[in-house]
Structures are given as C-alpha cells and as structure tokens.
Amino acid sequence: MNDSPLQNTDEASPDDHEAPIQEARLWSDGRWTAEVIKNEDDDGWAVSMTLRGESEPALVGPWTMGRDKKNPKPLDVTAFHTLVKTASEVLRRHEQQLHAQLHKEVAVGAGADLVRVALRIVPDEEYPYAVLTAHDASGQLLGEARVEANFRLGQGSALAWIESGYSPRGR
C-alpha cells in the first residue's frame, strides 16, 4: 500500500477522461493542463503544468518565444508530452523526498545479531508523532514505541533503546 499523500501520476482512472483541449496556449488531456502564460518578471513567456484537482502547478518553467520574438511558440503534441513527463517526474521526486523525510532507518549489530531500527514520522497537523520499530535479521518484530516527532534516530539512540529492552522510556 502506498502511504504517500500524493497520488500516483502514471495511472488514470476511468473518470479521468475529459475532452482534450489543444489550443496554441492551452493544452489538456483531462489529467494534465499546460498553459502558456506571460512571465511577469520580464518580456518572456512561461508554461505551467497542473495536475487535475490540484490548486498549484507541479511545474512552471520558461517557454520559447515564437518567430516574431513577441508571442510564445504554440504548444504542440510533442511539447505537451515532454511537459507531462517532466511534471510527473517532479511529483515523483517530491514524493520520494517526502518519504525520505518521514522514514529513517539504522542497523545495529551484524549477522544474526543485526537489528534494524526504523522511525516513521506521522505528520498529523495537531499532534505529530513518530513510531519507532525494531526488527531482527529475519524480520521478526522485536519492539515498537511511540515517540516524539522530533526524535533523532541514530546509532547511539537506537542502541540505547535496544539495550533498554525496547522500553518506551529507554530511548
């Protein structure tokens, strides 16, 4: 099960199909919308890629000027598909970064005495917390404890928790 707060951007559900839009400055396939917009910071143009249902674009980047050097180059199928791929990758990287921030793991010992201690942060808006777990080399759960969300997992804190017999107070 994917416990990520972000949706998988590669799978479309049956109700994701809307009439496609293919205009010079606006393209949509029902899931993604590309919009060429005036860059307020200079005389250039930008393109934004927004996933359906999201209020903020996943990607905003510079867009090429047309031949007249005043108007933007029109969107086309190749550019749209490239933008979808890039925006999907941005969301995937964001999801991976979020996962890395919320999940930490250290190993203590070696061989049959190896213990993997993991910390999973639960980012509740009012009462964030974390769950500390320990598993032996075969994957058997040895201990579990609820800890503060700001708990610092490292070799020393993991070893202290193991030596305390996985006591919630021994960390």
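Author: Happy to! Let's begin with strand E3 (residues 32-38) and strand E4 (residues 45-51), which pair in the antiparallel sense over seven bridges. Strands here are DSSP runs of at least two residues, numbered from the N terminus, and two of them pair if DSSP finds at least two bridges between them. This is a predicted model, in which local features need pLDDT of at least 70, side-chain atom pairs count only at pLDDT 80 or more, and totals for chains, interfaces and linings use all residues. Residues are numbered from 1 along each chain as its sequence is written, and side-chain values use heavy atoms, leaving out hydrogens and water.

E3 and E4 form a hairpin with six residues between them, and Lys38 stands opposite Trp45 in E4.

Now look at the other partner of this hairpin strand. E3 also pairs with E2 in the antiparallel sense, over three bridges. In the hairpin of E2 and E3, three residues lie between the strands, and Gly30 takes a positive phi near 95 degrees.

Next, find Ser28 in strand E2 (residues 26-28). Ser28 stands opposite Thr33 in E3. Its side chain reaches the backbone nitrogen of Gly30 at 3.2 Å. Leaving aside residues up to four places away in sequence, Ser28 touches Pro20, Ile21, Thr33 and Phe80, where contact means heavy atoms within 4.5 Å. With a relative accessible area of 9%, Ser28 is buried (under 20% relative accessible area, using a 1.4 Å probe and protein chains only).

How values were computed. Helices (H or I, at least four residues) and strands (E, at least two) are DSSP runs, numbered from the N terminus. Buried means under 20% relative accessible area, exposed over 50%, partly exposed in between (1.4 Å probe, protein chains only). A polar contact is a pair of N or O atoms within 3.5 Å; within protein, one must be able to donate a hydrogen and the other to accept it, and residues adjacent in sequence count only if both atoms are side-chain atoms.
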